[in-house]
Amino acid sequence: MVTIGNYISTGKCIWCGRTIADGASFHNIPHVFPHALGGEDTCTDVCDECNHYFGTTKVHGVPSIDLTFKEIFNAYRFFCQNLNENSYKKLRSTFFSYHHSTHSIKIRQNFRNDVLCRQLKRGLYECFLQKYHQVTGDGNNLIFDSVRQYARYNYGELRVYYAFNDIILAEKEQDRPHLGMSDILLDAMREYGVYHFWLLGHSFYLEVFPIAFNVKGMAYLQNEAKHILLPTSDRVGIFEFNDIRQIDPLMFRFNNR
Ligand SMILES: [Zn+2]
């Protein structure tokens, strides 16, 4: 049950575990993924302090998790089009700059690849738990403690894999991105420890339960590779995501051949 003015269903923040009795407030709408991406999908039980944390840049050169997420997925959307020099000039981005003289796009110097990578990975886990809570109401479950530690407190490491295809099968509603969370996906997550995060035509795989993933995760990914990869070149594959260039946010696979 959702109370108007307080975005609460269990009453306990899925990130920090606090309630109103503990001093938390729940006045700001939590979006499943950053509002600036066009998503209207909202959830509950994210306290204002945690909500603020994901959207705030505190350290120079370390952009907020939400900004990183928005920038990367916006870049995917932008560079998916058939681009020419004029469309490149329309690019508005905090991270990327287009250099007309050399016809190249670069990550701005004040950002490091490994930093952007970690922030994006944490953002994927942030969206995952918020969507999971919206769908199941079970986001407070202790089984997600490693997700909380990583996404909210920047502690530890959870792996993310990316399926690299030369062809992107994009969703129809590009301006209203949707994150799927079907029973099939959730059953697979419980069994193999991995959640298939599919957004704007890009497939990421999240190691939600490390113990199950260590036993069965690779078998799951090998099976996925048979279904999801279109063998058009030797770049195609599912690989662990450790550097922002690996996931090709600028879609050079389309536009720089
Ligand atoms: Zn909180």
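Is Gln130 buried or exposed, and at what relative accessibility? In this predicted model, Gln130 counts as buried because its relative accessibility is 2%, below the 20% cut-off for that class. The residue is part of helix α4, which covers residues 113–136. A polar atom of the Gln130 side chain lies 3.2 Å from the backbone oxygen of Val32. Leaving aside residues up to four places away in sequence, Gln130 touches Ile14, Trp15, His31, Val32, Cys43, Val46 and Phe54.

A zinc ion is coordinated by the SG atoms of Cys13, Cys16, Cys47 and Cys50, at 2.3 to 2.4 Å. The spacing of these donor residues in sequence is C-x2-C-x30-C-x2-C. The angles among the 4 donor atoms run from 103 to 116 degrees, and the site is tetrahedral. Ideal angles for four tetrahedral donors are 109.5 degrees. Cys13 counts as buried because its relative accessibility is 2%, whereas Cys16 is partly exposed, with a relative accessible area of 23%.

Helix α7 comprises 19 residues, 210–228. The C-alpha atoms at its ends are only 23 Å apart, short of the 27 Å that a straight helix would reach at 1.5 Å a residue. A kink of about 60 degrees in α7 is centred on Lys216. The buried residues of this helix are Phe213, Gly217, Tyr220, Leu221, Glu224 and Ile228. Their cover includes the strands β3 (160–164), β4 (194–199), β5 (202–207) and β6 (237–240), together with helix α6 (183–192).

Definitions and conventions: Residues numbered from 1 in each chain as written. Predicted model: local features only at pLDDT ≥ 70, side-chain atom pairs only at ≥ 80, totals over all residues. Heavy atoms only, no water. Helix = DSSP H or I, 4+ residues; strand = E, 2+ residues; numbered from the N terminus. Buried < 20%, exposed > 50% of the residue type's maximum accessible area, 1.4 Å probe, protein only. Polar contact = N/O pair within 3.5 Å; in protein donor to acceptor, adjacent residues only side chain to side chain. Contact = heavy atoms within 4.5 Å. Expected span 1.5 Å × (residues − 1). Bend = angle between axes of the 7 residues up to and from the residue. Donors = N, O, S within 2.8 Å, 3.2 Å for Na, K, Ca; no water. Tetrahedral: all angles 85-135°; square planar, octahedral: opposite > 155°, others 65-115°.
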